[in-house]
Amino acid sequence: MEPPRDNPFTRFKAFWSGLSLFLLFGALVALFWMFNRGEPTAPEDVAADARRAVRATIDEAQREALPPEAIDAVIPTLAEKLLASRPVAVETPDQLVPGSETALRLAEEADDDDDLIARVNEMTPPADTPIDPDIMQKGQAAYIMCAACHGQQGEGGPAGPPLAESEWVTGPVSNLVRIQLRGLTGPITVRGVEYDMIMAPMPFQDDETIAAVLTYVRNSWGNEAPPVIPEQVEALRGEVGLPMVTVEDLIDPN
Ligand code: HEC
């Protein structure tokens with residue numbers, strides 16, 4: 001029998017000395033940390049600081065360009081639209097395979113439609129036509145579809161050329177409608193810069209919505225042009241399903 005070890009008071013003392021040693025160590029670590037703060041030197045820390053700074057700048061820029069209230073305001077309209085929207089009937093029953101007989105035949109037929117295109121452009125309202133604010137609002141809500149590639153402010157980006165001050169946007173309306181209904185491929189020069197990418201067709205919304213989004217891009221970020229009317233979209237619906245347009249199919253806006 002060893003009295004000191006079996007005495008509970010001795011064990012209690014050992015507990016307190018253990019705890020004090022632990023706290024002392026903690027205090028030392030805290031002191032060491034306090035006197036060693038300052039500029040980070042490890043490459044990882046420097047990189048992390050830089051990342052945080054960039055993140056903060058991006059967050060702030062995004063908040064300014066698209067405040068959360070603006071997103072909140074658009075969501076009900078968008079949700080309503082999505083619920084109410086049905087796919088528009090495609091005039092061509094064939095599943096088009098690029099280069100297939102059907103695709104080539106339809107492309108040939110499309111080339112004969114210069115009269116229709118001229119008529120569509122004649123439907124454009126005169127230059128002094130006031131722009132309906134309701135249409136602009138509707139167009140702004142629908143522009144969310146385009147913003148991913150063309151930028152919140154139409155400034156363009158890695159996925160698409162600019163729409164702001166683009167000669168195509170304020171040019172003939174038939175170009176815009178056909179780009180949206182059929183998509184666009186191949187090189188196109190926008191504001192003096194050549195792009196060689198692809199824009200997929202986006203014919204899925206009704207004539208009013210497409211007319212509104214095109215009216216919106218024609219009258220935002222410094223652009224100014226007469227509105228696009230739903231009848232112009234309707235007139236070109238027959239082109240849905242045709243191969244993507246190229247610059248050769250379009251009217252030179254310059
Ligand atoms: C997935 C990305 C993407 C989306 C979404 C998109 N576009 Fe595009 N758009 C492009 C690309 C890429 C081009 C250039 C294609 C090329 O190089 O031939 C283009 C070209 C254009 C052009 C002609 C060039 C210019 O910059 O003026 C117009 C007009 C246009 N898009 C309008 C729209 C509209 C309106 C919407 C929304 C309804 C839209 N786009 C949605 C990628 C996109």
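Is Arg 52 buried or exposed? Arg 52 is exposed, at a relative accessible area of 54%. The points below take up this residue and the salt bridges of the model.

1. This is a predicted model, in which local features need pLDDT of at least 70 and side-chain atom pairs count only at pLDDT 80 or more, while totals for chains, interfaces and linings use all residues. Residues are numbered from 1 along each chain as its sequence is written, and side-chain values use heavy atoms, with hydrogens and water left out.

2. A salt bridge here is a side-chain nitrogen of Lys or Arg within 4 Å of a carboxyl oxygen of Asp or Glu. By this rule there are 5 salt bridges.

3. Arg 52 and Asp 49 form one of them, at 2.8 Å from N to O. The two residues are 3 apart in helix α3 (residues 43–65), about one helical turn. Helices are DSSP runs of H or I with at least four residues, numbered from the N terminus. Asp 49 is partly exposed, with 35% relative accessibility. Buried means under 20% relative accessible area, exposed over 50%, and partly exposed in between (1.4 Å probe, protein chains only).

4. Glu 239 and Arg 182 also pair, with their closest N and O atoms 2.7 Å apart. This pair links distant parts of the chain, 57 residues apart: Glu 239 is in the segment after α11 (230–236) and Arg 182 in helix α9 (residues 173–182). Both residues are buried.

5. Arg 237 bridges to Asp 207 at 2.8 Å between the closest N and O atoms. Arg 237 lies in the segment after α11 and Asp 207 in helix α10 (residues 207–218), so parts 30 residues apart in sequence are tied together. Arg 237 and Asp 207 are both buried.

6. Through shared partners, salt bridges join Arg 178, Arg 182 and Glu 239 into one network.
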